[in-house]
Amino acid sequence: MAGLQRLSVLICTYNRAPLLAETLAALADAERPRGCDVEIVVVDNNSDDETAEVVRRAEARGPWTVRYAFERAQGKSFALNTGLRAARGGIIALTDDDVIPARDWLVRLAAEFRDEDVVFVFGKVMPRWGIAPPPELLTSPARDIWGPLALVDYGEERIRYDAQSFQKRRLPIGANLAVRRAAIERVDGWRTDLGKVNNSLIAGEDRELCIRLFKAGLYSGVYAPSVIVRHYVPAERLTRKYFRKWFYWHGRTLARMTDGIYLDLDIDRVPHIAGAPRFAYREFLLCAGRWMRRVGRNDGLALLIEELKAIEFMGFFAESWRRRRLRRPGGTAHTAIAGQPAR
């Protein structure tokens, strides 16, 4: 397929030199895809540890070309856009600085783009546990709250993604996602008010990119279960405190992209209360009611799921109220894309 002459692996990193060294070592041992050059682009997002030295060692070790770029503006989307400018491949393969790709990861990604006329390919993100997780976290119902763990396992069957399935299926995440460069550029890259802005847990940059691909008529992909990476899950992520914090910030993320969450609505025309859609308050009350009905029952996981959904609503309202204040005279709302100044 066009654009497969070179594949660029794009990794954004911030103060994780030891983990990054493991990721780069795994990529150095990866199998070489047939008929496809590979480069690795590492964007240092203002680190003050040994990140630059780790990248220099990886460049000297080979076998791939390794490029180092520095992005001072704090936020993953700033780093992603810098990496996109530095990359030379027609396929941009995203992964993280705490991920170990399978040895055949590059081969399988290249084969998918060679065999399928798609814009994106993604696969499984399996865990590397820092400590043994609670058994209930590994059950099917718990997948609804896997967001803080950044894991993906949608089963063993290949799944095609297209415009008709957009609102029916769970989306990919950037730890194991490859996208055609031309499509990313067509939608102006990543939106810079999303993606761990100023070291917060604001995220959503991958989901929002998928939304704009959908709106641009470019949403065509495949979930390939044989394309596998393993993501490090530290012990601190397995606490209720972290889950509550993550869902609160996820709610704030969703408030920044409501026009892409409720695609069947003209969100600007629905009634709002204090900057949030009126129907969201009704949904929150229903969620709170389900939580209260589960209190005292012997189903701790179900209770936790409803609690986290309620916390997500709290974050959604907090961000909606904040943005309403910023839209008043003298305020500044954040809607930047591809490093452009926020409006």
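Which residue of β3 does I40 stand opposite? To find out, keep in mind that this is a predicted model, in which local features need pLDDT of at least 70, side-chain atom pairs count only at pLDDT 80 or more, and totals for chains, interfaces and linings use all residues. Residues are numbered from 1 along each chain as its sequence is written, and side-chain values use heavy atoms, with hydrogens and water left out.

Select strand β2, residues 37-44, where strands (E, at least two residues) and helices (H or I, at least four) are DSSP runs numbered from the N terminus.

Now show strand β3, residues 65-70, which runs parallel to β2 and is joined to β2 by six bridges; the residue opposite I40 is V66. From β2 the chain passes through helix α2, residues 51-61, to β3 in a right-handed β-α-β crossover, meaning that, with the strands pointing away from the viewer, the path from the first strand over the helix to the second runs clockwise.

Finally, select helix α3, residues 76-86, which is largely enclosed by the rest of the structure, because eight of its 11 residues are buried. Among these are L80 and L84, and the buried residues of α3 pack against elements including β1, β2 and β3, with contact meaning heavy atoms within 4.5 Å.

Terms used. Buried < 20%, exposed > 50% of the residue type's maximum accessible area, 1.4 Å probe, protein only. Pairing = 2+ DSSP bridges.
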